[in-house]
Amino acid sequence: MIFLLKFMNLVVKQSGVGLCALSLSFGPLAAYAQDTPKQDTHGIVVANMDPSVKPGDNFYEYANGDWIKRTEIPPDRGRIGVFSALDDLSNKRTVALIEESAKNGGQAGSGPRKVGDLYNSYMDEAGIEARGLAPLEPHLKAIAAISNKKELATALGETLRADVDALNNTNFHTSHLFGLWVAPGFNDSEHYAAYLMQGGLQLPDREYYVADNEHMRDIRTKYQAHVSAMLKLAGFTDTDARAERIVQLEHAIAEVHLSLADNEDIHKANNTWKLADFAIKAPGLDWVAYFKAAGLSKQASFMVWQPGAFAGESALVASTSLDTWKDWMAYHMIEDYAPVLPKALADERFAFFGKVLQGTPEQRPRWQRGVVVVNRFLGDDVGQIYAQRYFSPQAKAEAQAMVANIIAAFRKRIDALSWMAASTKAEAQAKLDTLYVGVGYPETWIDYSAYDVKPDDIFGNVWRGSLFQYHREVGRLGAQVDRKEWSMDPQTVNAVNLPLQNALNFPAAILQPPFFDPQAPAASNYGAIGSVIGHEISHTFDSEGSAFDSKGAVRNWWTPADFEHFEAATAKLAAQYDTYKPFPDVSVNGKQTLSENIADLAGVTAANDGYHASLAGKTAPMQDGFNGDQQFFIAFGQNWASKTREAALRQQVLTDPHAPAQYRADTVRNVDAWYGAFDVKPGETLYLTPAERVRIW
Ligand SMILES: [Zn+2]
């Protein structure tokens, strides 16, 4: 479960590990002009605040109002936020490392040479134009040659990729019929298991197909026109009729999909199917042919995340005409690879997925998209150098000390809970005992030697890259789990909790100003990065994390009374978020965002405790007239400064487990210390009576 919201990336959204990089930016300001974040001051940024707003009426605007007023979303972004400056900095450093690799070269097949070749092959627009549709043609011919449903099943099996991730990077979307996630088993957390998940849609979520409102109807009309346009650009005839049938098929698939909120319910996902069960429980698709083509014939059992979707999608394979499925496959292939095909296709893809779905007028500069490609397929090769160069042992030691303080704060909170039985407390403490906290960079790196990169073949490089990732994941099914394995690159500005490994990753790139500044007062460091750390720790105990025991296995370690209390408190938080309305016709989904909202609330609370412990009885120094607790909460609120285009925000509300930034900042209304810090009174908008405040951990 990650800290920041993620966005479907338009760079290479084909098969492969979930490609959901952040698209946050600080705007076109000074970000590219220098190699270190602009940092004239240390601690909270008073110039970003709006003192005319009462903290108790709108804390988000109080902390960020001036920044919001003076900041514009650049044309190549769907959103910007305070995170964006760091994201830009990390990209800029990464591209310099890539260019260094390209210059120094080395032998064919060496790590630096591959990094340079992959990047240059993406940047070579003239070469991409010159090759035209040639790289795509053998694949389209193979689809055209499919002559029966058994061959269709084989072709579908060949497209299975490891491109979903339910619990770490929370990516439930694949455009392939299904997606594979290899992770520790729910019921045997010592070994890697095969999780299969629903797929088959190009639009970001089932809601885009089934929701009955004007916004979505408009998107569906434009989508169908886009499907037709893509087919036409790829040389198909009769494209309007084909597009209509493809969209109808996707609509039927969407009808059998689970919603995001249901996908997040671990207990609905714990379904073990033997290989032979598929034909009985989900008849239609020729599963023997499918699994053989996917290289999974020997896999004895699978965890099927959405049994209903598997039955429904498999039945659609039988009931829908072969020609429609072939058109669907061809269109998906074209769409998925459009970013590395000639400009006409790449532009048409952006015109729909960028402009219509996100409201973004322009594409990111090509070099930035090139960085995403390299991070995705050779991320550890670059990350290894990034960590050496940009993450000092001192920064690591200081971050580790903060983590230790906040874990200690959590321990105290657990012990002090009056409603929790001693046995439940003991297991909660055991989870903290075995928690692995990775800071900065991983202890081992991925070996890419089996990945073949060619200097003039971006299409092939992406194709082979996603296959390399797939084979790597399939290759470790049944093997012993490495709990210290990371799921994020050091150059990523984010943080993650891996519930099945009972582990946290804090990449080097987030451990920098404005989140973490060794020269800033403790109050703002704890409010900013401390809340991030607290957030990830508390995922261990959120609505999902609490389903796993200290070894990462799904086990109910709660007494019935404790669990009842937990459910009631979290239902109250879900109800609080249900009341937030970013647009008159759109509400936040309290259930879909529950685990992140629990993590935000528990995180800021524990970080505040950790902060107080770090003072060791001393009075905190003032900054610009603000006392320690005020600085702490303002720094927390300033984490969330952001502006989002309407289309992008609507997409976020539907497809992201995180609530919009404003409501994440306003969760302080549940924290008693915040009332004291700002003298918040009844009658102010965010005011909650002590009984109404949600207290979970
Ligand atoms: Zn999170």
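Biologist: Is Ser642 buried or exposed?
Modeller: Ser642 counts as buried because its relative accessibility is 14%, where buried means under 20% relative accessible area, exposed over 50% and partly exposed in between (1.4 Å probe, protein chains only). This is a predicted model, in which local features need pLDDT of at least 70 and side-chain atom pairs pLDDT 80 or more, while totals for chains, interfaces and linings use all residues. Residues are numbered from 1 along each chain as its sequence is written, and side-chain values use heavy atoms, without hydrogens and water.

Biologist: Which residues does Ser642 touch?
Modeller: Leaving aside residues up to four places away in sequence, Ser642 touches Tyr60, Trp67, Arg79, Ile80, Gly81 and Ala661; contact means heavy atoms within 4.5 Å.

Biologist: And which strand holds Ser642?
Modeller: Ser642 lies in strand E9, residues 642–644. Strands (E, at least two residues) and helices (H or I, at least four) are DSSP runs numbered from the N terminus.

Biologist: How many residues of H25 are buried?
Modeller: Nine of the ten residues in H25 (646–655) are buried, among them Leu649, Arg650 and Val653. The buried residues pack against E9, strand E1 (79–81) and several helices, including H8 (214–233) and H16 (343–358).

Biologist: Changing topic, at what angle do H21 and H24 pack?
Modeller: H21 (522–539) and H24 (628–638) pack at about 35 degrees, with axes 7 Å apart. Axes are lines fitted to C-alpha atoms over the stretch in contact, and angles run from 0 to 180 degrees between N-to-C directions.

Biologist: Which residues meet there?
Modeller: Ala523, Tyr526 and Ser531 are among those of H21, and Gln631, Phe632 and Phe636 among those of H24.
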